[in-house]
Amino acid sequence: MIFKAVGDIRPYPDHGYVTPKDWAAVPPRQVRLDDLVTTKATLDLGALLAEDSTFFGDLFPHVVQWKGTMYLEDGLHRAVRTALHQRTILHARVLVLDD
């Protein structure tokens, strides 16, 4: 199993981080893929295979930690690409919300 679980919702409260500038304030850190729960159940194959998929977005995926669970909010294609390269660690911006 690549991820801890595959979800299709964001069960945590709205955090107000919307723009890349908001997320840029959150420093990246290493995260294990098998600790993540996805918030999307489907993957856009075009995004996965695109060579310039991060050209207009953040280089790091966005993760929200809430009630001890880490949710992959943005960057599913980057996480899957990491797994396809047989790596288990991903650098992501982790926003920790109070429980």
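## Close-up views of a predicted model

**View 1. Lys67 is exposed, with a relative accessible area of 54%.** Exposed means over 50% relative accessible area, buried means under 20%, and partly exposed lies in between (1.4 Å probe, protein chains only). The model is predicted, and therefore local features need pLDDT of at least 70 and side-chain atom pairs count only at pLDDT 80 or more, while totals for chains, interfaces and linings use all residues. Residues are numbered from 1 along each chain as its sequence is written, and side-chain values use heavy atoms, with hydrogens and water left out. Lys67 belongs to the loop between strand 4 (62-66) and strand 5 (69-74); helices (H or I, at least four residues) and strands (E, at least two) are DSSP runs, numbered from the N terminus. Although Lys67 is not a glycine, its phi is positive, at about 50 degrees. Most residues other than glycine have a negative phi.

**View 2. Gln86 is a second residue with a positive phi that is not a glycine.** The phi of Gln86 is near 60 degrees. Gln86 is placed in the loop between helix 3 (76-84) and strand 6 (89-96). With 73% relative accessibility, this residue counts as exposed.

View 3. The protein has three helices and six strands, which follow the pattern β-α-β-β-α-β-β-α-β along the sequence. Strand 3 (residues 36-38) and strand 5 run parallel and are joined by three bridges. Val37 has Tyr71 in strand 5 as its bridge partner.

**View 4. Lys4 lies in the segment before strand 1.** With a relative accessible area of 48%, Lys4 is partly exposed. Its C-alpha lies 5.3 Å from that of Leu36, although 32 residues separate Lys4 and Leu36 in sequence. When neighbours within four places in sequence are left aside, Lys4 is in contact (heavy atoms within 4.5 Å) with Leu33, Asp34, Asp35, Leu36, Val37 and Thr69. Across the protein, 84% of the contacts with a separation of 6 or more are between residues 24 or more positions apart.

**View 5. Thr38, in strand 3, is buried, with a relative accessible area of 3%.** A polar atom of the Thr38 side chain lies 3.1 Å from the backbone oxygen of Lys40. Residues up to four places away in sequence aside, Thr38 touches Phe3, Ala5, Val6, Gly7, Asp8, Leu72 and Leu76. In the protein as a whole, buried residues make up 38% of the 99 residues.

**View 6. The largest nonpolar core has 14 residues.** A nonpolar core is a set of buried Ala, Val, Leu, Ile, Met, Phe, Trp, Tyr and Cys residues joined through side-chain atoms within 4.5 Å. The members that touch the most others in this core are Phe3, Leu33, Leu36, Val63 and Leu72. Strand 5, helix 3 and strand 6 each give two or more residues to the core. Helix 3 contributes the most, with four residues. Another core, of nine residues, lies apart from this one; among its members are Val26, Val64, Trp66 and Leu95. In soluble globular proteins, nonpolar side chains tend to be buried together.

**View 7. The contacts of Val63 include Trp23, Leu36 and Met70.** Val63 is also in contact with Tyr71, Leu72, Glu73, Ala92, Arg93, Val94 and Leu95. Neighbours of Val63 within four places in sequence are left aside here.

**View 8. Tyr12 and Tyr71 form a tilted aromatic pair.** Rings of Phe, Tyr and Trp (its six-membered ring) pair if their centres lie within 6.5 Å; planes under 30 degrees apart count as stacked, over 60 as edge-to-face and the rest as tilted. By this rule there are two aromatic pairs. In the pair of Tyr12 and Tyr71, the ring centres are 5.6 Å apart and the planes lie at 50 degrees, so the pair is tilted. Tyr12 is in the loop between strand 1 (5-6) and helix 1 (20-24), whereas Tyr71 is in strand 5, 59 residues apart, and the pair thus links distant parts of the chain. Tyr12 and Tyr71 are both buried.

Terms used:
Two strands pair if DSSP finds at least two bridges between them. A polar contact is a pair of N or O atoms within 3.5 Å; within protein, one must be able to donate a hydrogen and the other to accept it, and residues adjacent in sequence count only if both atoms are side-chain atoms.
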